[in-house]
Amino acid sequence: MVNLVAAQKPLLHGLMKMAGVKPYTLEIEPGTIMNLWVPNETIPNPKKGEKSTKSQTLNKPEKPVVVLIHGFAAEGIVTWQFQVGALAKKYSVYIPDLLFFGGSITDKTDRSPTFQAETLVKGLKRVGVEKCTLVGFSYGGMVAFKMAEMYPELVEAMVVSGSILAMTDSISDSTLSRLGFKSSAELLLPTCVKGLKALLSVAAYKKLWFPNFLHKDFLEVMFNNRNERAELLEGLVISNKDTAIPKFPQKIHLLWGENDEIFNLELAQNMKGQLGENATFQGIEKAGHLVHLERPCVYNRHLEKFLSSVQEGHRAEK
């Protein structure tokens, strides 16, 4: 029987190519492979006899770079399908698949957000990215914060949605208790239709109905590498006593669904206070954790406004 979710992938891939990005596979180091979608114009025309872009050296981006970093439930282009086309005319858009998502894999045992950040930075530098603005959602936001902390020369600004600086044990415990889940894996790695419905019910503002067979198809396609992803969740939680708020030099814009049940407005406002004067906040009403998918037009408008302000600031500095 045909998996309808898997059957949609060629269509989504085609739409992404029309929007201006193509897939590129990169060996970061032996045993570590990263898949990322890169701007069409950075891939040189293949030489005679070449059938793949894997061995090609990419051209450097010509426009300001935006890197879209996905969350925990889906790979890059599934997460950002409504943002790529809106951004690609003015920006060079890169959409990576983090390790154990999409086609990205490693034989290393490190499962920390720091390792994800280090690997992604290596990949971006290999494809010619020297400066960028990060847009991180949920788990991807935590990776983005690590990138901004460790590589300020690379990351010039950030947009973060439905995320936090770090998953402390107190935030993890209180969030799971409030949502009624025993563990992060129970919430984020559902194994049955009932579990997937429970995840979607807390992630989305509007309670949408889908037939059970579509939920089953989604489970088969989107939740591979389960053991490794469970280890990622374990590597995410840190002790309260190990937390320290970095002083970020970058402008950071928090773009939030006002009805986010996973990382609610209180957490967002507390984080804004911790980040200081470089942080701004914008709430989007009638949207939950999946704000970029639920209200993409509003989300894109606020996103583009912030990105434009970053570029205007660079022009003013010159």
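Thr-175 lies in helix 7, which covers residues 169-179. The model is a predicted one. Thr-175 has a relative accessible area of 7% and is therefore buried, since buried means under 20%. Along the chain, Thr-175 and Phe-263 are 88 residues apart, yet 7.8 Å separates their C-alpha atoms.

Helix 5 spans residues 113-126 and helix 6 spans residues 139-150. Their axes come within 8 Å and cross at roughly 70°. Angles from 65 to 115 degrees count as roughly perpendicular, so helix 5 and helix 6 are roughly perpendicular to each other. The crossing of these two helices is right-handed.

The contact between the two can be followed residue by residue. From helix 5 it involves Pro-113, Thr-114, Gln-116, Ala-117, Glu-118, Leu-120, Val-121 and Leu-124. Helix 6 meets them with Tyr-139, Val-143, Lys-146, Met-147 and Met-150. By class, the residues of this contact comprise 9 nonpolar, 2 polar and 2 charged. Leu-120 and Met-147 are among the residues that take part, and both residue types count as nonpolar.

The cysteines remain. With a disulfide taken as a pair of cysteine sulfur atoms within 2.5 Å, the count comes to 0. Cys-132 has 0% relative accessibility and therefore counts as buried. Cys-192, at 37% relative accessibility, counts as partly exposed, because that class lies between the 20% limit for buried and the 50% limit for exposed.

Note on methods
Residues are numbered from 1 along each chain as its sequence is written. This is a predicted model: local features need pLDDT of at least 70, side-chain atom pairs count only at pLDDT 80 or more; totals for chains, interfaces and linings use all residues. Side-chain values use heavy atoms; hydrogens and water are left out. Axes are lines fitted to C-alpha atoms, for helices over the stretch in contact, and angles run from 0 to 180 degrees between N-to-C directions. Helices (H or I, at least four residues) and strands (E, at least two) are DSSP runs, numbered from the N terminus. Angles under 35 degrees count as roughly parallel, over 145 as roughly antiparallel, 65 to 115 as roughly perpendicular and the rest as oblique. A crossing is left-handed if the near helix is turned anticlockwise from the far one by less than a right angle, and right-handed if clockwise. Contact means heavy atoms within 4.5 Å. Buried means under 20% relative accessible area, exposed over 50%, partly exposed in between (1.4 Å probe, protein chains only).
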